[in-house]
Every structure is written in structure tokens, then in C-alpha cells.
Amino acid sequence: MRAALLAVTASAVLLAPAPVPAAAATPTPAAATPAAPETAATEGATEGAVAARAVRCPRAVAPAVSRPPRPSPPPAVPQARVVGGAALATSGLVVPTGAGAPPAITATSWLVADLDSGQVLGGCGPHEYGTPASVQKLLLAATMMPRLDPAQTVTVTEADMNIEPGSSAVGLVEDGRYTIETIWLGLLLNSGNEAANALARLGGGPDGAAGGVRAMNEQAHHLGALQTHAVTPSGLDGRGQFTSAYDLALIARACFAQPTFRRYALTQQATIPAQPAQRTKGFQIQNENQLIYRYPGALGGKTGFTDLARHTYVGAAERDGRRLVVTLLGAEPAPMRGWEQGAALLDWGFSLPRDASVGRLVEPGELTATPSAAPSALAAPGPPRPAAASGPASTGSGWLWSVVALSGAGVLALLGGLLWHRRRRLPGQIDNGPRHP
């Protein structure tokens with residue numbers, strides 16, 4: 001028990017944000033937010049940042065909707081909840097001292113961060129589990145874009161077309177031949193699920209799409225997104241498939257670091273070429289992310305929707321040389337649509353001082369670079385899992401047991417070190433909605 005407690009404490013210290021001016025860095029409930037405490041628990045403190053009690057996030061009232069029961073998330077892992085700083089381990093609101101209240105929105109969790117410095121400006125339940133829907137396609141992009149030649153021409157297969165009837169599709173056809181760039185545009189502009197299947201297959205090696213999903217999970221852990229687990233490449237709901245607002249910010253940061261992604265994300269329209277052999281005509285597609293048309297300085301992002309996940313959103317913008325990203329999960333489209341909620345949070349983020357911070361985004365590979373760090377075991381890729389082109393996978397328990405086993409290994413290693421110092425020996429989830437609103 002003592003060893004386990006020490007492991008959790010060590011991880012919190014290891015991942016605490018770098019000290020910044022205390023006036024800007026001290027996370028606290030927004031003074032203007034009329035919120036009552038949800039819990040009396042006080043989060044751990046870090047140098048230059050003292051966590052406050054969890055308070056309710058400002059919520060907009062949304063019309064009642066019929067939705068499937070939410071899936072049970074994996075058990076909370078303390079090491080994963082303190083990634084980026086102990087102040088982020090809250091189910092409620094965390095903002096810098098003196099910050100104005102963030103806008104009232106319907107999203108169940110969100111985060112605003114600086115793409116360049118990695119500072120987290122604020123959030124609501126940043127490490128709470130959520131269902132990703134099509135924002136999961138950003139993890140696919142972060143994983144496969146460096147692997148695939150955009151100029152290469154490839155053939156779409158029957159398996160690529162295996163998507164949920166009525167779900168998002170760009171209009172590729174079986175045996176059609178397209179450049180990989182065209183497929184990326186179909187994925188990012190129109191959220192094509194068949195495009196996601198094709199890209200996962202093409203980048204997945206000998207195991208095809210299953211290998212692609214496995215690579216996505218390995219990439220998530222490399223980025224430090226310890227609460228992210230992909231089951232489908234497209235974000236079609238699958239059992240055991242989760243992410244968090246914090247993880248999405250890590251993934252988005254990796255995407256926006258790629259010039260090719262930035263170009264695709266700002267593309268307003270593209271042409272899907274004719275396929276004479278399949279007797280289909282060419283047609284145009286438009287970017288569904290309204291942020292790029294309506295928000296000055298928009299850099300792009302990704303929309304998402306399933307009946308289960310509701311609306312999810314990732315968006316980024318630049319203002320006065322400052323680039324911010326917003327991520328949100330579990331939103332309803334009224335009184336504001338997903339991109340509008342993202343825009344409101346971006347406005348709030350740009351209103352904060354440049355040194356405002358309640359935590360930070362960890363760097364790629366940071367959690368796996370130090371073998372002695374407690375969270376490094378959690379960052380290790382789990383065992384292979386079968387990919388599902390649509391619908392739920394059979395179980396999520398294998399992944400959870402791998403996390404538990406790896407965490408236990410870290411605790412045992414720490415315990416062994418303590419006993420050695422005493423001179424003792426120890427035997428050796430369905431993007432099934434209509435097109436995203």
C-alpha cells in the first residue's frame with residue numbers, strides 16, 4: 001500500500017507543470033461562476049499551482065433528447081488523471097486565478113490549451129472519460145499521415161466500404177482508384193468512414209485495418225494520451241472506446257504540427273474524381289467545419305457526432321501570433337452547435353493573459369522516456385485488439401486488465417527498490433448520425 005501511494009505521489013510530481021508566475025498559474029474556480037461545490041475533496045498541490053475544490057462547470061440548458069445509455073468508463077487511474085499537472089485531476093472547473101467565467105455550454109467536458117507553449121488555459125473535467133465519435137479521426141491522422149505518401153494512387157476494397165448504414169461517408173466506391181490525398185480530404189472534410197477504414201488499412205501493415213487501429217493506440221500512448229483507446233479507426237462507436245478532453249488536445253497538437261494536416265484542415269472544398277470503370281461521376285465535397293468560414297483566424301479542426309457520444313469537437317485558431325486549441329465532448333447542438341461552443345471557448349482563451357496556465361500538455365514520448373516514472377507503464381502499448389469497422393467490439397476488459405497489470409508491475413518495481421535500501425533481498429464505441437450538424 002505504501003509503495004502504491006508513493007508511486008502515485010511520484011507521478012504527480014513528475015508531471016506537474018513547470019513553474020509559472022503564481023498570479024497567472026494558480027487554478028481556481030472562476031470568481032464570476034455561480035457554482036456550488038460538487039465535492040469537498042481537495043486536489044494535490046504543485047509548486048506555483050494550488051488546486052481548488054471541484055466546482056460545477058457553467059452549463060447551458062439544452063433541450064431533452066433521447067439517447068442510448070452511456071457506456072461505463074474504465075476505472076479511474078490516478079496516474080492518468082494527473083498527467084499535465086495535479087490541478088487537472090478534477091471532475092469540475094479549473095481556471096487561472098482572476099480569469100473571467102468561461103461561457104456556459106452544453107459540453108460535459110472541455111479544455112483550452114496553447115498549441116505552441118503547451119500551456120493548459122482551463123478546462124472542465126479535462127481527464128473525464130468521454131466517447132469520441134469522429135474526432136477520433138484526428139488520432140488516425142496523427143498516426144498515419146507521416147506514414148502514407150499523399151501522391152500514391154490506391155484501390156478501395158470491399159472491406160473499406162464496411163461501414164454502418166446511414167453513417168458518414170464521402171462517396172468512395174469499391175474498386176475505385178484514388179490518391180491518398182483525396183482520401184485524406186474525404187476523411188477530414190466530409191468525415192468519410194470508408195476513408196478512415198482505407199487509411200487504417202493502408203497504414204496498418206500486414207494486419208491491415210486491425211494493424212492500423214493498433215498503431216493508433218500505440219501513437220496515443222506515445223503522445224501521453226493515457227485515457228484514449230481506439231476500437232474503430234473512424235470513431236464509429238465500439239465497446240471500450242474512450243478518450244478525454246485533455247487527450248484530444250495532445251492529439252490535436254500532434255496533428256497541427258504537420259504542415260500537410262494544416263493545409264487539409266483549411267481546405268474549403270475538394271473534388272472526388274470520376275471512376276469510369278465503376279460508372280460514377282466526379283463530384284465536389286465541402287468542409288463541414290463551420291469554424292473555418294465563420295471564425296477569424298481559424299486553423300481548422302474536426303467535428304463529430306454519434307447518438308451515443310452526442311456532439312464532439314476540436315478546433316484551433318490563431319490571434320495576434322497566439323495559437324489556441326479547444327476540445328469538447330458530450331455536447332448538445334442547442335442553444336449552440338458544437339463549433340459555436342468551441343468558438344466561444346476560444347474567445348475566452350484569447351481573453352486570458354499569455355502566461356495564464358493551470359497545467360500543461362506533455363510532450364510526445366515524455367511519459368515513456370523515463371523507465372522509473374510510475375506512469376511509464378501505463379504509456380506502454382497494450383496487447384493487440386481486433387479492429388471493428390462498425391459496431392461494438394466484443395469486450396474492453398483486455399485493455400483494462402493490461403493497464404492494471406502494468407501498473408502493478410511499476411508498483412512492484414518501486415517496492416523492490418525500497419526494500420533493497422533496507423538491505424533485504426526480494427526473490428527474484430456509431431458515428432451513426434446523419435452527417436455531422
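Helices (DSSP runs of H or I, at least four residues) and strands (runs of E, at least two) are numbered from the N terminus. Keep in mind that this is a predicted model, where local features need pLDDT of at least 70, side-chain atom pairs count only at pLDDT 80 or more, and totals for chains, interfaces and linings use all residues. Residues are numbered from 1 along each chain as its sequence is written, and side-chain values use heavy atoms, with hydrogens and water left out.

Let's start with a loop. Thr-267 sits between helix H9 (259-265) and strand S7 (269-272). Is Thr-267 buried or exposed? Its relative accessible area is 18%, so it counts as buried (under 20%, with a 1.4 Å probe and protein chains only). Leaving out residues up to four places away in sequence, Thr-267 touches Leu-185, Leu-189, Asn-287 and Ile-292; contact means heavy atoms within 4.5 Å.

Now look at helix H11, residues 338-350. How far apart should its ends be? The expected span is 1.5 Å times one less than the number of residues, so the 13 residues of H11 should span 18 Å, and the 19 Å between its end C-alpha atoms agrees with that. H11 is mostly covered, with 11 of its 13 residues buried. Among them are Trp-339, Leu-345, Trp-348 and Phe-350. And what do the buried residues of H11 pack against? Their partners are helix H10 (291-294) and the strands S2 (93-96), S3 (109-114), S4 (119-124), S10 (310-319) and S11 (322-331).

Key: Buried < 20%, exposed > 50% of the residue type's maximum accessible area, 1.4 Å probe, protein only.
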